[in-house]
Amino acid sequence: MISLTVTALVFGVVFLAELPDKTALAGLVLGTRYRASYVFAGVAAAFALHVTLAVAAGSVLTLLPQQIVHALTGVLFLGGAAVLLMKKDEDDDGIRKPENQSFWKVSGAGFMLILVAEFGDLTQIMTANLAARYDDPLSVGLGAVLALWSVAGLGIVGGKALMKRVPLKLITQIAAVLMLALGVWSLWEAVTG
């Protein structure tokens with residue numbers, strides 16, 4: 001059974017953490033050069049693979065005693081908040097262009113870009129933490145993949161307009177505050193549980 005509360009929480013945290021990420025900018029660049037649906041197909045497939053791996057890793061952590069899981073996820077969330085706050089703006093000028101507009105070349109380029117860029121990324125680690133914390137792999141996986149797909153869609157279709165209206169620094173700070181709150185909450189549960 002899927003928990004809408006867990007799915008919504010995971011969606012919000014992952015969405016805000018992914019917005020300022022380099023992959024959203026990469027999706028924007030690819031989306032301006034190639035057919036958006038082709039780019040999205042490749043990017044969405046790569047994100048689905050990453051979420052599956054993260055949820056599996058997080059599910060293994062649920063085998064540990066709850067206090068250890070809470071302490072571990074709390075520390076990792078605090079680390080994620082620190083990474084977001086110390087993160088510098090990045091460019092993605094080095095994206096390679098597929099030689100033509102075929103579905104397989106464009107979606108393959110999007111898939112490979114995300115597959116490499118997101119491996120071990122903050123949102124993948126956060127997804128594993130959330131899977132461990134809530135012991136609800138379906139809800140966490142659904143929330144994370146929908147968040148990542150939403151950010152990819154925004155980046156591919158309307159990233160320029162969003163970044164003109166909402167400062168990237170503000171989005172990063174909101175994501176960091178949410179991760180900080182989750183980290184403190186997890187550590188509190190570890191100490192009091």
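Reader: Is phenylalanine 103 buried, exposed or partly exposed?

Author: This is a predicted model, where local features need pLDDT of at least 70 and side-chain atom pairs count only at pLDDT 80 or more, while totals for chains, interfaces and linings use all residues. Residues are numbered from 1 along each chain as its sequence is written, and side-chain values use heavy atoms, with hydrogens and water left out. Buried means under 20% relative accessible area, exposed over 50%, and partly exposed in between (1.4 Å probe, protein chains only). Phenylalanine 103 has 30% relative accessibility, so the class is partly exposed.

Reader: How many helices does the chain have?

Author: Helices are DSSP runs of H or I with at least four residues, strands are runs of E with at least two, and both are numbered from the N terminus. From the N terminus on, the elements run α-α-α-α-α-α-α-α. There are 0 strands, and the number of helices is 8.

Reader: What kind of aromatic pair do phenylalanine 103 and tryptophan 104 form?

Author: Rings of Phe, Tyr and Trp (its six-membered ring) pair if their centres lie within 6.5 Å; planes under 30 degrees apart are stacked, over 60 edge-to-face, and the rest tilted. Tryptophan 104 is exposed, at 69% relative accessible area. For phenylalanine 103 and tryptophan 104, the ring centres are 4.9 Å apart and the planes stand at 80 degrees, so the pair is edge-to-face.

Reader: Which residues form one aromatic cluster?

Author: The chain has 3 aromatic pairs by this rule. One aromatic cluster is made up of Tyr38, Phe103 and Trp104.

Reader: What is the angle between the ring planes of phenylalanine 11 and phenylalanine 15?

Author: Both residues lie in helix H1 (residues 4-18), 4 residues apart, or about one turn of the helix. An α-helix has 3.6 residues a turn, so residues three or four places apart point the same way. Phenylalanine 11 is partly exposed at 28%, while phenylalanine 15 is buried at 17%. Their pair is stacked, with centres 5.5 Å apart and an angle between the planes of 15 degrees.

Reader: Which residues are in contact with valine 10, leaving aside its neighbours within four places in sequence?

Author: Contact means heavy atoms within 4.5 Å. With those neighbours left aside, the partners of valine 10 are Phe15, Leu130, Val140, Gly143 and Ala144.

Reader: Where do the buried residues of H5 sit around its axis?

Author: The buried residues of H5 are Val106, Ser107, Gly110, Ile114 and Glu118. The arc comes from the directions from the helix axis to the C-beta atoms. These residues cover an arc of only 90 degrees, which puts them on the same side of H5.

Reader: Which exposed residues does the face of H5 turned away from its buried side carry?

Author: Turn to the face away from the buried side of H5. The exposed residues there are Trp104 and Val116.

Reader: How many of the 13 residues of H6 are buried?

Author: Glutamine 124 lies in helix H6 (residues 122-134). Its relative accessibility is 11%, so glutamine 124 counts as buried. Arg133 is also among the buried residues of H6. H6 is mostly covered, and its buried residues number 11.

Reader: Over which ring does the charged end of arginine 133 sit at 4.3 Å from the centre?

Author: A charge sits over a ring if NZ of Lys or CZ of Arg is within 6 Å of the ring centre and within 35 degrees of the ring normal. Arginine 133 lies over the face of tyrosine 134, at 5.3 Å from the ring centre. At 4.3 Å, the ring is that of tryptophan 185.

Reader: What is the phi of aspartate 135?

Author: Aspartate 135 lies in the loop between H6 and H7. At 52% relative accessibility, aspartate 135 counts as exposed. Aspartate 135 is not a glycine, yet its phi is positive, at about 50 degrees.
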